[in-house]
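Here is a briefing on one structure.

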There are 2 protein chains.
Amino acid sequence: MAKDKQFVKEVADMTVDFPQWYTDVVIKTELVDYGPVKGTMVIRPYGYAIWENIQNEMNKRFKAVGVKNAYFPMLIPESYIKREAEHVEGFAPEVALVTHAGGEKLTENLVIRPTSETIICEMYSKWMQSYRDLPILINQWANVMRWEKTTRPFLRTSEFLWQEGHTAHASEAEAREETIKMLNVYKKFFEDCLAIPVFTGIKTEKEKFAGAVETYGVEAMMLDGKSLQAGTSHYLGQNFAKAFNMKFLDSDGELKYAYSTSWGTSTRMIGALVMAHGDQRGLKLPPVVAPVQVIVIPVAQHKDGVKEKAQEIVDKLVSLGIRAEADYRDASNGWKFNEWEMKGAPLRIEIGPRDIENGVCVVARRDNFEKTNLSLTELDKIPEILNQIQKDMLEKAREIQKDRVKFADSIEGVLSAVEDKCFVKVPWCGCRECEEKIKTETAASARVIAPDDATGKKCAVCGKEAKHIVYFARAY
Amino acid sequence: MAKDKQFVKEVADMTVDFPQWYTDVVIKTELVDYGPVKGTMVIRPYGYAIWENIQNEMNKRFKAVGVKNAYFPMLIPESYIKREAEHVEGFAPEVALVTHAGGEKLTENLVIRPTSETIICEMYSKWMQSYRDLPILINQWANVMRWEKTTRPFLRTSEFLWQEGHTAHASEAEAREETIKMLNVYKKFFEDCLAIPVFTGIKTEKEKFAGAVETYGVEAMMLDGKSLQAGTSHYLGQNFAKAFNMKFLDSDGELKYAYSTSWGTSTRMIGALVMAHGDQRGLKLPPVVAPVQVIVIPVAQHKDGVKEKAQEIVDKLVSLGIRAEADYRDASNGWKFNEWEMKGAPLRIEIGPRDIENGVCVVARRDNFEKTNLSLTELDKIPEILNQIQKDMLEKAREIQKDRVKFADSIEGVLSAVEDKCFVKVPWCGCRECEEKIKTETAASARVIAPDDATGKKCAVCGKEAKHIVYFARAY
């Protein structure tokens with residue numbers, strides 16, 4: 001198509017160079033820009049508006065399960081990070097250190113939080129005296145810092161924004177239940193709000209969070225067949241409780257260590273939206289999180305009454321609770337159509353002199369390019385259309401995914417499947433060597449353990465009896 | 001009163017030791033706790049909920065004047081801070097420095113933002129090509145770091161949360177207008193949402209922001225007569241534009257430096273709420289920002305139907321858009337009444353078996369302790385009562401303030417007024433020496449220049465002709 005041709009001047013062809021397509025899209029739609037310090041990003045208003053919509057939707061869901069927001073300090077004494085043995089091993093190599101402040105050298109170096117288990121457990125240990133103080137269910141929205149060598153906007157940056165939930169419980173059963181509950185909150189959020197179906201399950205020992213007993217992952221398939229770890233939920237057992245003396249007096253009169261969990265998602269989710277739904281024209285945003293759900297384009301806007309009618313439509317939509325805007329800029333319709341397709345607005349409304357005469361407007365869907373006429377008296381049908389788009393986008397993503405999950409019981413099979421842009425279900429004996437061999441030879445890593453029964457299956461590497469069926473994929 | 005007596009066991013008497021009263025209130029109501037690193041604070045859920053309400057209300061007001069949110073990196077190259085001469089002088093002494101990251105020494109030290117003019121102007125200079133790209137109107141909600149020697153929760157901490165707006169304009173007139181516009185947005189926000197009447201005006205040269213041409217301050221009078229600088233709006237002229245090469249091609253074809261502004265408010269506002277409204281029993285929160293607007297106390301909750309009726313009331317209020325909760329804890333009514341008075345919930349509803357029989361509940365206002373019966377069929381009057389409380393709290397604060405502004409034309413007069421817990425209007429010649437002399441001898445600093453005409457007045461220090469009437473006060 002001519003339009004697509006014109007477009008590829010600006011944005012790389014996704015079928016030829018997917019990484020360049022991604023970079024072009026996130027930069028040219030003004031979601032993000034590079035910060036002056038290597039590996040940092042500026043989240044521009046259009047990108048930040050998506051983040052705010054994500055926050056609103058998540059906050060509702062957190063509140064519904066009794067979680068409250070709070071804020072903990074960003075600077076953590078270096079000694080805290082070292083108290084939990086696995087934790088320090090995992091995070092020490094990538095922390096940023098504050099050594100001087102207020103013109104003086106500090107007596108103890110401070111770490112900019114890479115995550116906050118340590119400082120939060122320290123505070124919880126102060127706050128919990130008896131079992132009556134439990135559970136503690138707190139989340140924080142914050143910036144975190146992990147010094148990464150290779151960075152890409154949203155996917156991997158030294159500083160990023162996230163939410164991290166931290167809970168403390170009187171019993172193992174309750175903490176385990178919380179871990180799964182939050183995993184499912186995430187799963188439902190991804191499906192209902194981001195229109196992204198996800199793979200969830202437990203991580204292998206090698207891939208789990210540094211300091212966790214068990215980590216559950218939320219893995220999303222991108223259009224290039226790679227997996228994006230889009231969220232995690234950790235059962236921490238008493239690991240951090242013991243490191244931070246997080247004890248409470250139980251109802252039986254005994255002093256016990258609490259059980260804790262933590263769970264997080266980040267601005268990576270914006271990268272997931274781009275790579276799960278986008279096309280050659282750019283972004284395709286699900287209505288629930290789109291900054292502009294309906295863009296109104298006044299056609300021949302210099303003519304009498306066109307701008308006024310466009311504004312009337314915007315006002316009507318806003319009154320229906322829709323995020324709607326009109327684009328009155330001095331540019332051609334074609335340019336505006338392209339621009340808003342690139343920016344992924346779910347619905348475009350065109351209104352010109354002839355439409356006004358006929359009492360209609362043209363409604364164009366971004367997801368499937370369907371164009372229909374809608375009577376100006378029926379604008380209250382727009383919310384329904386947006387709901388339909390949301391559902392159709394999830395359905396479309398499910399369909400793409402369906403054909404992209406293969407099974408392989410040999411390393412060659414894994415390699416061929418991931419080169420075919422697929423996730424692969426692989427029978428695995430459970431040992432670290434076999435897991436690492438697959439990674440070395442195929443560049444695919446264990447994402448999560450699949451729910452499938454492994455009985456009778458043999459490990460794809462060593463041929464011994466398989467313990468689990470594991471999803472392998474190349475990953476961001 | 002017996003109740004007050006009982007209470008002072010927990011919270012210091014505000015008339016005897018105001019600073020201790022403040023600390024007791026913010027800690028015991030669980031607004032905040034001390035972080036492990038000296039000078040840091042943990043904002044606990046009850047305090048953070050106030051902050052979220054503040055954010056929601058401010059975001060609405062920012063949006064109404066065309067400002068969008070974004071997010072800029074926290075780490076700023078040290079060289080940036082040094083580019084604007086006054087800016088470095090003001091901020092260099094209190095920055096925290098990151099010198100190592102990812103296990104290596106950095107080639108250039110990075111500063112944790114004390115404020116973001118430098119990095120934001122650097123980005124704006126990339127984003128603005130022509131006058132068509134202007135104005136740029138962006139705000140960010142972020143954490144900032146200023147290494148302070150003496151700290152107090154909310155009032156002065158090394159890390160705090162704030163919003164910082166940064167705008168760039170094609171003309172001086174427009175930038176100046178924006179500076180005043182945002183000052184007025186703040187003023188109205190303080191009055192309408194925090195129920196705090198404020199003093200606004202231009203700051204003296206000595207008190208202005210490091211790098212600004214002019215700083216306008218929002219000063220709030222606390223119950224001890226001291227002033228809290230609760231917000232500032234800066235006209236930056238072309239100072240940062242020149243330091244960061246922030247140029248645009250104007251409509252006349254010439255390349256020009258832009259004019260910029262910045263304006264900010266912080267978690268200090270929570271401290272202002274405490275000290276502008278509190279009383280011997282603790283917090284007194286205005287409904288607009290109160291985390292719990294109505295607390296429902298089931299009296300004799302073990303009796304049949306009491307809890308159910310309490311929950312019915314909560315559900316009804318929530319359906320009216322009110323933040324309502326019931327307190328079902330296993331504690332006496334007296335304890336709960338005290339607890340929620342201390343926590344400053346604007347309205348308490350008591351419901352017991354006899355009330356249910358009579359079809360009424362007891363409604364008790366926190367601000368004036370008025371108790372009335374309300375028919376259970378008239379719960380939809382509660383929003384109106386909350387509105388009334390909001391108005392009455394502002395009115396009460398205005399009244400307190402009215403008698404607390406004096407005039408003095410001598411240093412002795414200033415001293416006596418501030419020791420009497422007042423703001424003082426002082427005629428001033430405009431020279432730094434006289435301003436500093438007042439500060440040295442009275443511990444009161446110039447807050448903002450009053451709108452009053454100074455004609456015919458003599459400087460309170462040197463006796464020369466006064467240029468301005470200035471509000472002096474001791475300040476947080």
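Predicted model: local features only at pLDDT ≥ 70, side-chain atom pairs only at ≥ 80, totals over all residues.

The same surface serves both copies, since 100% of the contact residues of chain A recur in chain B.

**Axis and chain contact**
- The contact joins 39 residues of chain A to 39 residues of chain B.
- Eight entries make up the list of elements that give two or more residues to the side of chain A that touches chain B: strand E2 (41-43), helix H3 (45-64), strand E3 (68-69), strand E4 (75-77), strand E5 (96-101), helix H6 (117-127), strand E7 (136-145) and strand E8 (159-169) of chain A.
- E5(A) gives the most to that side, with six residues.

**Domains of chain A**
- The domain assignment gives domain 1 (14-277), domain 2 (294-388) and domain 3 (405-473) of chain A.
- The centres of domain 1 and domain 2 of chain A, taken over C-alpha atoms, are 39 Å apart.

**A five-stranded sheet in chain A**
- The sheet is open, with the strand order E16-E15-E17-E18-E19 (chain A). Its pairing is mixed.
- Strand E16 (324-326) and strand E19 (371-375) of chain A are the edge strands, and each pairs on one side only.
- On average, neighbouring strands of this sheet are turned by 25° against each other, direction ignored.
- How many bridges link strand E17 (residues 347-351) and strand E18 (residues 360-365) of chain A? The two strands pair over four bridges, in the antiparallel sense.
- Within this part of the sheet, Arg348(A) stands opposite Ala364(A) in E18(A).
- Helix H13 (residues 382-402) of chain A lies across strand E15 (294-298), E17 and E18 of chain A. The helix runs at about 140° to E17(A).

**Nonpolar core**
- The largest nonpolar core has 305 residues.
- Which of its residues touch the most other members? They are Val424(A) and Val424(B).
- Leaving out residues up to four places away in sequence, Val424(B) touches Lys406(B), Ala408(B), Val414(B), Ala417(B), Val418(B), Ala444(B), Phe472(B) and Ala473(B).

Definitions and conventions:
Residues numbered from 1 in each chain as written. Chains lettered and ligands numbered in written order. Contact = placed C-beta atoms within 7 Å. Core = buried A, V, L, I, M, F, W, Y, C linked by C-beta atoms within 7 Å. Buried ≥ 20, exposed ≤ 12 C-beta atoms within 10 Å, placed from the backbone. Domains from an automatic or database assignment. Pairing = 2+ DSSP bridges. Axes fitted to C-alpha atoms, helices over the stretch in contact; angles between N-to-C directions.
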